[in-house]
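Subject: Structure handover

Hello,

Here is the structure I promised to pass on.

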Amino acid sequence: ASFNRKAFDSLLFNRLTQPTLKPFSVGMVDLDYFGKVNKRFGQDSGNFVLERFSEELAKVCSQYGGFSGRVGGEEFQFYLPLTPQKTKMVMDRLRERFARITSTAPFRQNLQKFHPKGSKYFTNLEKWGKPVQFTAAVTGGPSLNRRFSRPGILLSYVDAAMQKGKRAGRARTMTARLPKAA
(Lines give C-alpha, C1' and ligand atoms only; values in the text may rest on other atoms or scores of the structure.)
Protein backbone atom coordinates (compact mmCIF):
# COMPACT_ATOMS: atom_id res chain seq x y z
CA ALA A 1 0.00 0.00 0.00
CA SER A 2 1.05 3.55 -0.62
CA PHE A 3 0.49 5.86 2.34
CA ASN A 4 -0.64 9.46 2.58
CA ARG A 5 1.85 12.08 3.73
CA LYS A 6 0.96 11.92 7.43
CA ALA A 7 1.19 8.13 7.59
CA PHE A 8 4.39 8.08 5.51
CA ASP A 9 6.05 10.71 7.72
CA SER A 10 5.10 8.74 10.84
CA LEU A 11 6.48 5.47 9.43
CA LEU A 12 9.67 7.18 8.28
CA PHE A 13 10.20 8.85 11.65
CA ASN A 14 9.71 5.51 13.42
CA ARG A 15 12.17 3.79 11.08
CA LEU A 16 14.80 6.52 11.33
CA THR A 17 14.74 6.59 15.13
CA GLN A 18 15.72 2.92 15.30
CA PRO A 19 19.47 2.81 14.62
CA THR A 20 20.58 -0.24 12.66
CA LEU A 21 23.69 -1.51 10.97
CA LYS A 22 21.68 -2.28 7.83
CA PRO A 23 21.85 -0.02 4.77
CA PHE A 24 19.02 2.40 4.07
CA SER A 25 17.76 4.78 1.43
CA VAL A 26 15.26 7.61 1.57
CA GLY A 27 14.08 9.04 -1.70
CA MET A 28 11.66 11.17 -3.63
CA VAL A 29 9.99 10.70 -7.01
CA ASP A 30 8.37 13.40 -9.12
CA LEU A 31 6.44 12.55 -12.29
CA ASP A 32 7.95 14.65 -15.08
CA TYR A 33 5.79 17.35 -16.69
CA PHE A 34 2.72 15.90 -15.04
CA GLY A 35 0.75 19.14 -15.38
CA LYS A 36 0.74 18.54 -19.13
CA VAL A 37 -0.95 15.16 -18.63
CA ASN A 38 -3.79 16.80 -16.68
CA LYS A 39 -4.11 19.69 -19.12
CA ARG A 40 -4.05 17.62 -22.29
CA PHE A 41 -5.88 14.49 -21.15
CA GLY A 42 -8.03 15.66 -18.24
CA GLN A 43 -7.84 15.34 -14.48
CA ASP A 44 -9.52 11.92 -14.39
CA SER A 45 -6.80 10.59 -16.68
CA GLY A 46 -4.17 12.26 -14.49
CA ASN A 47 -5.63 10.63 -11.38
CA PHE A 48 -5.53 7.24 -13.11
CA VAL A 49 -1.83 7.74 -13.93
CA LEU A 50 -1.11 8.75 -10.31
CA GLU A 51 -2.98 5.74 -8.93
CA ARG A 52 -1.18 3.37 -11.27
CA PHE A 53 2.24 4.84 -10.43
CA SER A 54 1.44 4.75 -6.71
CA GLU A 55 0.60 1.04 -7.03
CA GLU A 56 3.82 0.28 -8.93
CA LEU A 57 6.02 2.19 -6.48
CA ALA A 58 4.33 0.58 -3.46
CA LYS A 59 4.76 -2.87 -5.02
CA VAL A 60 8.49 -2.32 -5.60
CA CYS A 61 9.04 -0.89 -2.12
CA SER A 62 7.15 -3.74 -0.49
CA GLN A 63 9.16 -6.28 -2.47
CA TYR A 64 12.34 -4.98 -0.79
CA GLY A 65 10.84 -4.45 2.69
CA GLY A 66 10.27 -0.71 2.34
CA PHE A 67 7.31 1.62 1.98
CA SER A 68 6.17 4.65 0.01
CA GLY A 69 3.71 7.50 0.18
CA ARG A 70 2.17 10.15 -1.99
CA VAL A 71 3.17 13.39 -0.31
CA GLY A 72 1.61 15.93 -2.64
CA GLY A 73 0.48 16.38 -6.24
CA GLU A 74 2.66 14.12 -8.36
CA GLU A 75 5.33 13.77 -5.68
CA PHE A 76 6.08 10.55 -3.81
CA GLN A 77 8.62 9.59 -1.15
CA PHE A 78 9.96 6.19 -0.17
CA TYR A 79 12.15 4.27 2.26
CA LEU A 80 14.08 1.16 1.26
CA PRO A 81 16.45 -0.93 3.39
CA LEU A 82 19.01 -0.90 0.56
CA THR A 83 22.12 1.09 -0.22
CA PRO A 84 21.54 4.23 -2.31
CA GLN A 85 23.40 2.57 -5.21
CA LYS A 86 21.09 -0.47 -5.16
CA THR A 87 18.06 1.82 -4.76
CA LYS A 88 19.16 3.81 -7.80
CA MET A 89 19.13 0.59 -9.84
CA VAL A 90 15.68 -0.29 -8.47
CA MET A 91 14.31 3.15 -9.42
CA ASP A 92 15.86 2.96 -12.90
CA ARG A 93 14.18 -0.41 -13.47
CA LEU A 94 10.87 1.01 -12.19
CA ARG A 95 11.21 3.97 -14.61
CA GLU A 96 11.70 1.56 -17.54
CA ARG A 97 8.77 -0.59 -16.43
CA PHE A 98 6.41 2.35 -15.93
CA ALA A 99 7.42 3.81 -19.30
CA ARG A 100 6.51 0.49 -20.93
CA ILE A 101 3.19 0.32 -19.06
CA THR A 102 2.15 3.87 -19.94
CA SER A 103 3.06 3.62 -23.62
CA THR A 104 0.80 0.66 -24.39
CA ALA A 105 -2.55 0.68 -26.15
CA PRO A 106 -4.37 -0.96 -23.18
CA PHE A 107 -3.19 1.83 -20.90
CA ARG A 108 -4.43 4.46 -23.37
CA GLN A 109 -7.75 2.63 -23.67
CA ASN A 110 -8.15 2.65 -19.89
CA LEU A 111 -7.66 6.41 -19.93
CA GLN A 112 -10.21 6.84 -22.73
CA LYS A 113 -12.89 5.28 -20.50
CA PHE A 114 -12.98 8.55 -18.55
CA HIS A 115 -14.07 10.64 -21.56
CA PRO A 116 -16.95 10.61 -24.03
CA LYS A 117 -16.01 9.50 -27.54
CA GLY A 118 -15.29 12.51 -29.73
CA SER A 119 -14.38 14.78 -26.81
CA LYS A 120 -11.15 16.78 -26.89
CA TYR A 121 -9.55 14.54 -24.28
CA PHE A 122 -10.64 11.33 -26.02
CA THR A 123 -9.19 12.58 -29.30
CA ASN A 124 -5.95 13.66 -27.63
CA LEU A 125 -5.64 10.22 -26.04
CA GLU A 126 -5.78 8.61 -29.48
CA LYS A 127 -2.45 10.35 -30.04
CA TRP A 128 -1.02 9.23 -26.65
CA GLY A 129 2.34 7.76 -27.42
CA LYS A 130 4.86 9.12 -24.97
CA PRO A 131 5.51 7.17 -21.81
CA VAL A 132 5.13 8.87 -18.46
CA GLN A 133 8.62 9.45 -17.05
CA PHE A 134 9.84 10.46 -13.62
CA THR A 135 12.84 11.93 -11.89
CA ALA A 136 13.97 10.34 -8.64
CA ALA A 137 16.48 11.32 -6.00
CA VAL A 138 17.96 9.07 -3.31
CA THR A 139 20.18 9.40 -0.27
CA GLY A 140 21.15 7.03 2.49
CA GLY A 141 24.06 5.03 3.72
CA PRO A 142 25.51 1.75 4.91
CA SER A 143 23.91 2.12 8.34
CA LEU A 144 21.38 4.28 10.11
CA ASN A 145 22.38 6.33 13.11
CA ARG A 146 20.61 8.88 15.28
CA ARG A 147 22.30 11.74 13.46
CA PHE A 148 19.59 11.40 10.80
CA SER A 149 16.65 10.61 13.03
CA ARG A 150 14.70 13.59 11.66
CA PRO A 151 13.31 12.97 8.17
CA GLY A 152 13.60 16.64 7.23
CA ILE A 153 17.41 16.50 7.38
CA LEU A 154 17.60 13.57 4.96
CA LEU A 155 14.89 14.92 2.70
CA SER A 156 16.70 18.25 2.32
CA TYR A 157 19.58 16.33 0.68
CA VAL A 158 17.11 14.40 -1.46
CA ASP A 159 15.35 17.60 -2.54
CA ALA A 160 18.64 19.21 -3.59
CA ALA A 161 19.46 16.13 -5.70
CA MET A 162 15.94 16.20 -7.18
CA GLN A 163 16.37 19.81 -8.32
CA LYS A 164 19.75 18.91 -9.83
CA GLY A 165 18.13 16.01 -11.70
CA LYS A 166 15.41 18.24 -13.11
CA ARG A 167 17.97 20.80 -14.29
CA ALA A 168 19.98 17.98 -15.90
CA GLY A 169 17.06 16.95 -18.08
CA ARG A 170 14.71 14.82 -15.94
CA ALA A 171 13.91 11.11 -16.44
CA ARG A 172 16.83 10.04 -14.25
CA THR A 173 17.74 8.99 -10.72
CA MET A 174 20.13 11.19 -8.78
CA THR A 175 21.95 10.27 -5.59
CA ALA A 176 22.92 12.66 -2.83
CA ARG A 177 25.87 11.97 -0.57
CA LEU A 178 25.36 12.54 3.10
CA PRO A 179 28.05 14.50 4.93
CA LYS A 180 30.50 12.53 7.02
CA ALA A 181 29.94 12.61 10.77
CA ALA A 182 31.87 15.35 12.52
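R5 and D9 form a salt bridge through their side chains, with N to O at 3.7 Å. This is a predicted model. Both residues sit in helix 1 (residues 5-16). They are 4 residues apart, about one turn of the helix. R5 is partly exposed, at 39% relative accessibility. D9 is also partly exposed, at 28%.

In total, the structure has 7 salt bridges.

Another one pairs D30 with K166, whose closest N and O atoms are 3.1 Å apart. This pair links distant parts of the chain, 136 residues apart. D30 belongs to strand 2 (residues 24-31), and K166 to helix 7 (residues 151-167). D30 is buried because its relative accessible area, 6%, is under 20%. K166 is partly exposed, at 23%.

Next, look at helix 3 (residues 43-63), where R52 and E56 lie 4 residues apart, about one helical turn. They form a salt bridge too, with 3.3 Å between the closest N and O atoms. R52 counts as partly exposed at 24% relative accessibility, while E56 counts as buried at 2%. Salt bridges with shared partners join R52 and E56 with K59 and R97 in one network.

Last, the surface. K36, R40, K127 and K130 gather there in a patch of positive charge. One of them, K36, lies in helix 2 (residues 34-41). K36 is exposed, because its relative accessible area of 58% is over the 50% cut-off.

Best wishes

Note on methods:
Residues are numbered from 1 along each chain as its sequence is written. This is a predicted model: local features need pLDDT of at least 70, side-chain atom pairs count only at pLDDT 80 or more; totals for chains, interfaces and linings use all residues. Side-chain values use heavy atoms; hydrogens and water are left out. Patches are made of residues with over 30% relative accessible area and no salt bridge: like charges are joined within 9 Å, nonpolar side chains (Val, Leu, Ile, Met, Phe, Trp, Tyr) within 5 Å. Accessible areas come from the Shrake-Rupley method with a 1.4 Å probe; for residues, only the protein chains shown count as cover. A salt bridge is a side-chain nitrogen of Lys or Arg within 4 Å of a carboxyl oxygen of Asp or Glu. Lys and Arg count as positive and Asp and Glu as negative; His and the chain ends are not counted. The place of a charge is taken as NZ of Lys, CZ of Arg, CG of Asp or CD of Glu. Helices (H or I, at least four residues) and strands (E, at least two) are DSSP runs, numbered from the N terminus. Buried means under 20% relative accessible area, exposed over 50%, partly exposed in between (1.4 Å probe, protein chains only).
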